Amino acid sequence: MSEGTYLDAISAALIHEMEVDERVLIMGEDVAAPFGGAFKVTKPVAERFEASRVRNMPMTELGFIGAANGMALMGLRPVIELQFADFISTGFDSIVQFAATAHYRWGGAVPWVLRAPSDGAVRSGPFHSQNPEAWFVHTPGLKVVAPSTIDDAYGLMLSAIRDDNPVVYFESKPLYRSLKGEVPSGDAPVPIGVAEVARAGDHCTVVTYGAMRHEAMGAADQLAADSIEVEVIDLRTLKPLDLDTVLASVARTSRALVVHAANRLGGIGAEIAATIADECFTHLDAPVKRLGGLDVPVPFSPPLEDAYRPSAATIATACRDLCAW
C-alpha cells in the first residue's frame, strides 16, 4: 500500500483493472491527456495507457453512454466518466431504457461502469452538487454503489468493472482529496451488496452511505461522551441493499435513523425506513426517523449549503431525540 487519497484509490483501481484486463477502457469528456478529467482522476491512467484505451468523448452524454452500451454488448468493459453526476440526466435514456433492460429483454450483458461524481459541500451550486442516486435505485436492472472510504473506493471499483451488469458508481466529491490514508493495491475487491458495520453500538442504529458516513461517525464520537453508543451502518451498495445487516442491527438497538445527503423527499432513506418499520416493528422503541437534504436546489452560499445538508451536529441531535423517546 501507499499513502494517498480517496481520489487516488479510484485512479489506482482503474489502472489495476486495465493492466489485468485488456477489455477495460476509459471514456468521457476530457478524460485523456492533458486534462485527465474534471477532477484529474484519469490523469495517471491516461499517462500510463495509450490513447485508444483512454478516449475523449464529445459533450453528449446520451451519445457516449449509448456508445458504451454498444461496446459492452460487443465484449468490452467501458468505464464511463461523467464530469458531474448532475449531467447524468442528459444520458438517462441510454441508462434506464437500454442498459438496464438489455438482460431482461434478450439476455444481453452490458458490463459498463458509470462513474458519477456527486454530492455538494464544495460550494459548486445547484448544477454541480446533486445526489441523484434514488433515480437509479428505482430502476430494475442496474446496480448502484456509493463508497465512502479509500478501501471501498478501490475495492468496489474492481468489483463494479468485473460485474456483468451495468453499475452506477457514485463518487463523493467532498471526499476526493480530504480523505487520506493507505491506498490498496493488487486484487482487493469489495463485494457488491454487502454493508459494513462502521462502528458498533447498542443504543441507536444510524444507516447511511457516502460522505454522510463520516458525519455519522463524528456524531457517534460526540454522543459517546454522554454514554450514548451509536451503531453506524455504511450501506456501501445502494442496489442491491444489504437489508439483513440493517435489520439485525435495528432489532438489537431498537432505534433507527437513516441519513443521506440527497434531499429527503423521495430519497432512498424512505425505502429503508419503511422496510425497518415493516420488518422490525416489534423491536422498535421509537419511530424510525430520517435526515436528508432540504427539498430545494443546492445553494451556492456556504452558510446556506451547510444548513441544507445533514451534519454531525444534526445527526447527534436526532439520535439524542430517539434515545430519549
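Helices (H or I, at least four residues) and strands (E, at least two) are DSSP runs, numbered from the N terminus. The model before you is predicted, so that local features need pLDDT of at least 70 and side-chain atom pairs count only at pLDDT 80 or more, while totals for chains, interfaces and linings use all residues. Residues are numbered from 1 along each chain as its sequence is written, and side-chain values use heavy atoms, with hydrogens and water left out.

Five strands form an open sheet in the order 9-11-10-13-14, with mixed pairing; two strands pair if DSSP finds at least two bridges between them. Strand 9 (196-199) and strand 14 (289-293) stand at the edges with a single partner strand each, so one side of each has no neighbour in the sheet. Strand 9 pairs with strand 11 (residues 230-234) in the antiparallel sense over three bridges, and Arg199 stands opposite Val232 in strand 11.

Which helix lies across strand 9? Helix 8 (residues 212-224) does, and it also lies across strand 10 (204-208), strand 11 and strand 13 (256-263). Helix 8 runs at about 45 degrees to strand 9, where axes are lines fitted to C-alpha atoms, for helices over the stretch in contact (heavy atoms within 4.5 Å), and angles run from 0 to 180 degrees between N-to-C directions.

Finally, consider helix 1 (residues 6-20), which has 15 residues. Eleven of the 15 residues are buried, so helix 1 is largely enclosed by the rest of the structure; buried means under 20% relative accessible area, with a 1.4 Å probe and protein chains only. Among them are Tyr6, His16 and Met18.

How values were computed. The expected span of a helix is 1.5 Å times one less than its number of residues. Buried means under 20% relative accessible area, exposed over 50%, partly exposed in between (1.4 Å probe, protein chains only).
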